[in-house]
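Please look at the structure first, and then follow each solution step by step.

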Amino acid sequence: MYYDQHVCGARIQELRKSKGYTQEALAEAIDIDAKRISKIERGVISASYNDMILFSEFFGITLDYLIIGKRQDVDALKKRVQDAITQLQEALM
């Protein structure tokens, strides 16, 4: 696993399109220049740490996924947390 700015840019583009945003609309929503988003999506430039955080927060995804494509199984994590809560509640009774 390693960071590839072209793959990361394509991932950002895919997320943007899946939410129905143009580059201009996304740029306005997260206060980044649309030309910068275009360059990031094409892999011409790498997104800054700040850009990554803005994309992550806007799309509701982890930085792991955004940077290297590693998806966490959110449903499995939720189930594990709920199971732990249930066990704690039962232990307190």
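**Exercise 1.** Find how many aromatic pairs there are, and classify the pair of Tyr21 and Phe58.

*Solution.* Rings of Phe, Tyr and Trp (its six-membered ring) pair if their centres lie within 6.5 Å, with planes under 30 degrees apart counted as stacked, over 60 as edge-to-face and the rest as tilted. By this rule there are 3 aromatic pairs. The ring centres of Tyr21 and Phe58 are 5.1 Å apart and the planes stand at 80°, so this pair is edge-to-face. The two residues are 37 residues apart in the chain, with Tyr21 in the loop between helix H1 (5-18) and helix H2 (23-30), and Phe58 in helix H4 (residues 49-59), where helices are DSSP runs of H or I with at least four residues, numbered from the N terminus.

The model is predicted, local features need pLDDT of at least 70, side-chain atom pairs count only at pLDDT 80 or more, and totals for chains, interfaces and linings use all residues. Residues are numbered from 1 along each chain as its sequence is written, and side-chain values use heavy atoms, leaving out hydrogens and water.

**Exercise 2.** Describe the pair of Phe58 and Phe59, and name the cluster that ring pairs form.

*Solution.* Phe58 and Phe59 are also edge-to-face, at 5.1 Å centre to centre and 80° between the planes. Ring pairs link Tyr21, Phe55, Phe58 and Phe59 into a cluster.
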